[in-house]
Amino acid sequence: MSNPLIVPVAEVLRRPGSRRELFIEADVEGLATSDAAVLGPVNLRLHLESAVGGLEVTGSLSAEWRGSCRRCLAAIEQSVDLDLREMFSSTPLDEEVYAINDGEADFTPMVRDCLVLALPIAPLCSDDCAGPAPDAYPVNQPEPAAEDRPRDPRWAALDELRAGQ
């Protein structure tokens with residue numbers, strides 16, 4: 001089975017200014033962060049354009065992800081939608097340009113990079129999630145006023161100096 005994320009681009013590169021539009025649906029196995037994982041296929045809508053020194057890729061990416069709420073541990077399923085703008089080159093000079101090898105662009109590294117950055121590090125089921133036991137472990141408590149907080153005894157010497165002024 002061939003990888004749908006490896007696309008021949010030699011024809012686009014041969015003619016400066018030429019364009020090509022692609023619609024790709026591909027599975028990206030095992031793509032996850034510590035608290036979120038991609039579900040099912042990733043959908044790409046890409047526009048390839050021959051540019052000086054390579055190929056400019058613009059478009060969008062969408063995928064579903066699953067994770068657990070960091071407070072109540074409820075299962076969360078949401079989608080991520082991203083706009084893309086990346087460069088590919090046969091002779092990439094830095095890490096921000098993806099490689100074209102033998103007239104083919106492999107979009108797998110680009111998809112992985114974009115999705116890992118878009119997945120939440122610590123997902124919440126909702127902004128006002130109170131957690132599993134809100135009475136025992138309340139969240140969003142107001143900070144005590146400065147005069148109500150206990151003083152650190154290590155600052156006592158400075159307090160004495162201020163009192164002497």
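Two strands are taken to pair if DSSP finds at least two bridges between them, and helices (H or I, at least four residues) and strands (E, at least two) are DSSP runs numbered from the N terminus. The structure described here is a predicted model, in which local features need pLDDT of at least 70 and side-chain atom pairs count only at pLDDT 80 or more, whereas totals for chains, interfaces and linings use all residues. Residues are numbered from 1 along each chain as its sequence is written, and side-chain values use heavy atoms, with hydrogens and water left out.

Of the 165 residues, 28% are buried, where buried means under 20% relative accessible area, exposed over 50% and partly exposed in between (1.4 Å probe, protein chains only). The accessible surface comes to about 11,200 Å², and carbon and sulfur atoms contribute 51% of this area; the areas come from the Shrake-Rupley method with a 1.4 Å probe, and for residues only the protein chains shown count as cover. With contact defined as heavy atoms within 4.5 Å, residues 24 or more positions apart account for 57% of the contacts with a separation of 6 or more.

The 7 strands form an open sheet with mixed pairing, in the order E1-E7-E6-E5-E4-E3-E2. Its edges are strand E1 (6-8) and strand E2 (19-27), each of which pairs on one side only. Neighbouring strands of this sheet are turned by 30° against each other on average, direction ignored; axes are lines fitted to C-alpha atoms, for helices over the stretch in contact, and angles run from 0 to 180 degrees between N-to-C directions.

Within the sheet, E2 and E3 are antiparallel and are joined over 9 bridges, and Arg20 has Leu48 in E3 as its bridge partner. E3 and E4 also run antiparallel, with 13 bridges between them, and Leu46 stands opposite Gly59 in E4. These two strands, E3 and E4, form a hairpin with 2 residues between them, and Gly53 in the turn has a positive phi of about 85°. Strand E6 (residues 97-101) pairs with strand E7 (residues 104-106) in the antiparallel sense over 2 bridges, and Asn101 has Glu104 in E7 as its bridge partner.

Ser89 is buried, because its relative accessible area is 5%. A polar atom of the Ser89 side chain lies 2.9 Å from the backbone oxygen of Gly53, and the side chain of Ser89 also reaches the backbone nitrogen of Thr91 at 3.1 Å. Leaving aside neighbours within four places in sequence, Ser89 is in contact with Gly53, Gly54, Val97, Tyr98, Ala99 and Ile100.

Helix H2 (residues 108-118) lies across strand E3 (36-51), strand E4 (54-68), strand E5 (75-89), E6 and E7, and runs at about 135° to E5. Arg112 is found in this helix, H2, and counts as partly exposed because its relative accessibility is 30%. Apart from neighbours within four places in sequence, Arg112 is in contact with Val28, Glu29 and Leu31. The C-alpha atom of Arg112 is separated by 9.4 Å from that of Ala32, a residue 80 residues apart from Arg112 along the chain.

Terms used: Polar contact = N/O pair within 3.5 Å; in protein donor to acceptor, adjacent residues only side chain to side chain.
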